[in-house]
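Subject: Structure handover

Hello,

Please find the structure below, followed by notes on what was found in it.

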Amino acid sequence: VDMKEKFRPQYHFSPESNWMNDPNGMVYYAGEYHLFYQHHPYGTTWGPMHWGHAVSKDLIHWDHHPIALAPDEHGDIFSGSVVVDWNDSTGFFKGASGLVAIFTHADQYPDSDRSRQRQSLAYSTDCGRTWTKYEGNPVLAEESITDFRDPKVFWHEETHKWIMILAAGNHVRFYASHNLKSWEFASEFGSHSGSHAGVWECPDIFKLPVVGVENTSKWVMIVSIGNDSAFIEGSRTQYFIGQFDGISFTNENSDDTVLWLDYGRDNYAGVTWSDISHEDGRRIFIGWMSNWKYANETPTVGWRSAVTLPRELTLKETSDGVRLIQTPVAELEKIRREKRSWNQLFIEPGKHVSLDVSGEQSEIIAEFELESATEFGIKIRKSDSEETIIGYDAVNEFLFINRINSGVTEFNEYFPCLHGASLKAENNRIKLHILVDSSSVEIFANNGQVVITDLIFPDPKSTGIELYTTNKKVKLASLVIVQLASIF
Ligand code: FRU
């Protein structure tokens, strides 16, 4: 196992070897954060799906565990969730509590090649170390729906029921249960709402308080939309804001409003941890850092794909309405090392300021004061021949990442690109919080209101960090660069 392969993330979770896609079944139980994931243990491309497993005490350092779920007579093990069955509603735990996985079994209808996706259970009485599949599997099937997968289950306190949300082609469906074994259809949502640029996958739903607004909570629904050849962006993740009453979801925005969770190309199939609320109330998200457009072709050796840094999700009232805010989890503190800071730096056009710090694994926090600058930003993972540009186009109020010349890009025609998101200055300032690792960049702009997550594959020696402005000087009110330690 080579944890120092040149593109291996040094502080993001990745499988020890071979392929991963979606994070699955994240749950907090008995002092441990569990992360399961779509895993092909015998190859570096997508194949018969298993659930890989890792455990952490701090969301940063991970121990690799044996495969939790392997294919069986009902098929391969697609995405799903894990809940803590606190009151033994399943009867699996002899009155105690334990973990129940609810996942999609994927196979084919007998005598046809139409794919069949049904929901099944497995349980663990030893804190996730070993799993037993339920003998009554599958527990939920709908023959008329072909794409019927990725169940996320949670306990709905108000109605005292387990609720399942799952993807069903171009919408999500809700089912309710008292024991996780028998499920009743409750409602569906979304055939005419949000983006339909691809098939809907990997939904999640949870309630969050609106920060600073007393007694106001809203439900957030996350829906990933699959790669459709008609769209250059490939896989993306959207979200909805509204209310959920135990039966149905009401969207508070118009049907044609599309809210993107991430404006980068590489944050897909993300969902949140179950059962953290019992401990500290945070809602923590992790996404798969890749894109079905090119996921099977990225230039890593012996392993493929990683996840985003765990991010805390909160809701904030903005001038456009209530929006999702993302911030790296506070535990990142554990790997912060040498710190350098600068105040009141002026950047002049044509005079690029290179900083004598190396940025292979680093955190950059920059606050720019716009004045009359038209385009400025930070170049990272820079050498004479490579750079990734994180820029702000002040004329069009557009934050972008340009990875056209970021390193290895030719493995897929859609990889080299420039893209971004609308972003308005606040008090004439733009604030960027950037996390750089061996093969990824995560940009949290204006305190996490706009997020861009992208893969890059620079040479390990391309570690320069440089500030630039195109034709007017710009003031950097403050800049902090922190070296991040490897978790290996
Ligand atoms: C999303 C997805 C899920 C499915 C899994 C299969 O990336 O397509 O819908 O369960 O991957 O690996």
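Strand β25 (residues 362–369) pairs with β30 in the antiparallel sense, over 8 bridges. Strands here are DSSP runs of E with at least two residues, and helices are runs of H or I with at least four, all numbered from the N terminus. Two strands count as paired if DSSP finds at least two bridges between them. In general, strands of a sheet pair through backbone hydrogen bonds, either parallel or antiparallel.

Before the rest, the basis of the numbers. The model is predicted, so local features need pLDDT of at least 70 and side-chain atom pairs count only at pLDDT 80 or more, while totals for chains, interfaces and linings use all residues. Residues are numbered from 1 along each chain as its sequence is written, and side-chain values use heavy atoms, with hydrogens and water left out.

Across the pairing of β25 and β30, E367 stands opposite K431 in β30. Strand β30 (residues 429–437) is also joined to strand β31 (residues 440–445) by 6 bridges, and these two run antiparallel. H433 stands opposite F444 in β31. Strand β30 is mostly covered, with 7 of its 9 residues buried. Buried means under 20% relative accessible area, exposed means over 50%, and partly exposed is in between (1.4 Å probe, protein chains only).

**The sheet β5-β6-β7-β8**

These 4 strands make an open sheet in the order β5-β6-β7-β8, with antiparallel pairing. Its edge strands are β5 and β8 (132–133), each of which pairs on one side only. Between β6 and β7 there are 10 bridges, and the two run antiparallel. D107 has R116 in β7 as its bridge partner. The hairpin of β6 and β7 has 6 residues between the strands, and D111 in that hairpin takes a positive phi near 60°. Strand β7 (residues 115–124) is joined to β8 by 2 bridges, again antiparallel. A122 has K133 in β8 as its bridge partner. Since 9 of the 10 residues of β7 are buried, this strand is largely enclosed by the rest of the structure.

**Aromatic pairs**

The structure holds 35 aromatic pairs. Rings of Phe, Tyr and Trp (its six-membered ring) pair if their centres lie within 6.5 Å; planes under 30 degrees apart count as stacked, over 60 as edge-to-face and the rest as tilted.

One of the pairs is Y29 with W86: the ring centres are 5.8 Å apart and the planes are at 65°, so the pair is edge-to-face. This pair links distant parts of the chain, with Y29 in strand β1 (residues 18–29) and W86 in the loop between β5 (76–85) and β6 (98–108), 57 residues apart.

W62 and W273 form a stacked pair, at 6.3 Å centre to centre and 20° between the planes. Here too distant parts of the chain are linked: W62 lies in the loop between β3 (50–56) and β4 (63–69), and W273 in the loop between β18 (268–272) and β19 (284–288), 211 residues apart. Both W62 and W273 are buried.

**Charges over rings**

A charge sits over a ring if NZ of Lys or CZ of Arg is within 6 Å of the ring centre and within 35 degrees of the ring normal. The charged end of K379 sits over the ring of Y468, 4.9 Å from its centre. The charged end of R403 sits over the ring of F415, 3.7 Å from its centre.

**G287**

G287 lies in strand β19 and counts as buried because its relative accessibility is 0%. Not counting residues up to four places away in sequence, G287 touches P23, N267, Y268, G270, A306, V307 and T308 (contact means heavy atoms within 4.5 Å). G287 and P310 are 23 residues apart in sequence and 8.1 Å apart in space, C-alpha to C-alpha.

**UniProt record**

An unreviewed UniProt entry places the feature "domain: Glycosyl hydrolase family 32 C-terminal" at residues 331–481. UniProt positions are given in the numbering used here, feature names are shortened, and annotations may be inferred rather than shown by experiment. In the model, residues 331–481 are 0% helix and 54% strand, and the end C-alpha atoms of the span lie 17 Å apart.

Regards
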